[in-house]
There are 2 protein chains.
Amino acid sequence: MTGPQTSPTLDDVARAAGVSRSTASRAINGGSRVSPEAQAAVDDAIARLGYAPNRAARSLVTRRTGSIALVVPEPDARILTDPFLAGVLRGVSQALVGTDLQLVLLIARPDERPGGPARYLRSGHVDGAVVASHHREDRLEDQLADGRLPVVFVGRPFDDRNLPYVDVDNVAGGRTAAERLLGRGCRSIATITGPLDMTAALDRLDGWRAALEEAGLAADLVADGDFTVEGGARAMDRLLAEHPQIDGVFAASDLMATGAMQVLQAAGRRIPEDVAVVGYDALGAAERTSPRLTTLRNPVVEMVSAATAVLLDAVEGHPAPAAPRILVPELVEGGTA
Amino acid sequence: MTGPQTSPTLDDVARAAGVSRSTASRAINGGSRVSPEAQAAVDDAIARLGYAPNRAARSLVTRRTGSIALVVPEPDARILTDPFLAGVLRGVSQALVGTDLQLVLLIARPDERPGGPARYLRSGHVDGAVVASHHREDRLEDQLADGRLPVVFVGRPFDDRNLPYVDVDNVAGGRTAAERLLGRGCRSIATITGPLDMTAALDRLDGWRAALEEAGLAADLVADGDFTVEGGARAMDRLLAEHPQIDGVFAASDLMATGAMQVLQAAGRRIPEDVAVVGYDALGAAERTSPRLTTLRNPVVEMVSAATAVLLDAVEGHPAPAAPRILVPELVEGGTA
DNA sequence: TTGTAGGCGTTATCAG
DNA sequence: CTGATAACGCCTACAA
């Protein structure tokens, strides 16, 4: 019988402090144009009552929620062990330092109706959104293209409706990887791709293919992966079975490279003497292979942090820059190629 | 010049459909007591205008937000790399199937003021919260104990104020691990603990200690870890340097066991012949070591899914059960002990 | 089945 | 510096 179950309201605070709602409100927010006594009385009342402003009511009038969303339309929870997404999270967090904005992470749920996340985003729960790891069928581009909610994509969206995004030059990355293998003397070079419903995977494949064709080699040793260790291993299995003469592999993620290396080593191939391997990401996994993986640095944190900065600007009303910001991946030396 | 930047409101929909706000509202929600024509007109208007209800306004009157929070007061980097947290996420998702509730993931940010998450939770943004991976200094218990917001903890909270929680019997788990090592003939048994500001880590340590003392052995080979691969490796380094006679290790997580195994193998110790190892979790990492890790199954998904079910009941107004639900970890055979 | 009216808790405006 | 008062967008009796 200690009190009512309902939360105290601004009215309660005002009454307890012996001031008006307006004064209480001012004391709670800016604190400007409030007498010290009033301020103290309000602070005291807040503490006594355990008052917390009702954000629904507040955002109804301010049209601000004080939070932004990170949208990860990744259907499978296992993907959440991916270092790439860890980097994404870190990038956003980093850009939010000192902003007082809350981060709300939206992940896809398996059962969810297709429009779910988009509806949530557009119904005024957040002030803006960073979208990462999106797939072709998400159709998030369509659903968010009306510009009603500030959005920035991490990685070029499929349907480019002038949506702001930041990206890393994945074509250049794929090309650099292939060129490294060519430079090591490899002549039978395969690639293990990421999910082909993601632009990053397609771009890395394109870069790899271009380099091989320019070198006069066939670019047909392609196996689908899914950015996971297991997927990389399966892909390597298939490649090895069909093309035992392979002497070089570009895996479009370090996790897949890890799986591929396990399969190669289990098959008795020496790395890099028999088969050279180049990965992609340099987000930690490359340091745990033996030998240490030669890979390309994917500047995820910088990329996402830049994306978030653009978003914050947009939330403030500043238009996003016309040209997307594109970072460049650079080779990280290891012992596998 | 296609239209206003502001979102359409219920009023706009009603006007476009030629009905009143009430009718439009009814059509949007239950759909009961609405004529087919009115319903059709409203549906049409919604589609044409791209209307999405303003949740702030709605929740202001319904006192429901339609979303629940998963609170993980864990520094950003770890959350998406740790299989335990991936399991937590999966557990919540699973329990939310068919509910129409949105999941909002709240993670700690380094710069954040201590009370941040709690304030967010209590300010009416969500209907309830599942708290996982909480630490002693989070003080979330205090801040949420007033019962204003339905909350369920995953893992026994430090300050048990009759807060509802589900847990796994970590004492039993630590005991089982130690007994396995004893049964294998180990006499110099160490443990690598989790962060000691978490009840799960303390409990596993207690169980391990009890078993050793009952066997008449000293329980003093203890090294702090942090549930990560690197932390496990560092801890094993220390243990090995100070106590080279070690012949058994219980690592309180499989990730730490992985790191420990790497150090042991690098030091030339054979597993399990020279040193036996038991891990904890069985969430995937144990299958990737060589030899495969002997470990204890941590039923995270079940546990979290149960916690979420309790929370959903609480949100509906049903009180949480008096006694917490405690699951039991069971041994998973591997080749390391 | 439909419309009218009131209020949810907060901030913003504008006199005092 | 303070206090009425009017929105913000929506839901829900209640009356028609």
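The model is predicted: local features need pLDDT of at least 70, side-chain atom pairs count only at pLDDT 80 or more, and totals for chains, interfaces and linings use all residues. Residues are numbered from 1 along each chain as its sequence is written, chains are lettered from A and ligands numbered from 1 in the order in which they are written, and side-chain values use heavy atoms, with hydrogens and water left out.

**The two copies**

- The same surface serves both copies, as 94% of the contact residues of chain A recur in chain B. Contact means heavy atoms within 4.5 Å.

**DNA strand D**

- DNA strand D is surrounded by 27 residues, and the closest are Ser35(A), Arg63(A), Leu10(B), Tyr51(B) and Arg58(B). A residue is near a strand if one of its heavy atoms lies within 4 Å of it.
- Sugar and phosphate make up 62% of the atoms of DNA strand D within 4 Å of the protein.
- Base nitrogens of DNA strand D lie 2.7 Å from a polar side-chain atom of Ser22(A) and 2.9 Å from one of Arg26(A).
- The side chain of Ser35(A) has an N or O atom 2.6 Å from a phosphate oxygen of DNA strand D.
- H4(B) gives the largest share of this surface, five residues. Helices are DSSP runs (H or I, at least four residues), numbered from the N terminus.

**DNA strand C**

- Around DNA strand C there are also 27 residues, the closest being Leu10(A), Tyr51(A), Ser22(B), Ser35(B) and Arg63(B).
- A base nitrogen of DNA strand C is 3.0 Å from an N or O atom in the side chain of Arg26(B).
- Ala57(A) uses a polar backbone atom, 3.3 Å from a base nitrogen of DNA strand C.
- Asn29(A) has a side-chain N or O atom 3.2 Å from a phosphate oxygen of DNA strand C.
- H4(A) gives the most to this surface, with five residues.

**A buried serine**

- Ser67(A) is found in strand S1 (residues 67-72) of chain A. Strands are DSSP runs (E, at least two residues).
- Ser67(A) counts as buried because its relative accessibility is 0%. Buried means under 20% relative accessible area (1.4 Å probe, protein chains only).
- Beyond its neighbours within four places in sequence, Ser67(A) is in contact with residues including Gln102(A), Val104(A) and His125(A).

Key:
Buried < 20%, exposed > 50% of the residue type's maximum accessible area, 1.4 Å probe, protein only. Polar contact = N/O pair within 3.5 Å; in protein donor to acceptor, adjacent residues only side chain to side chain.
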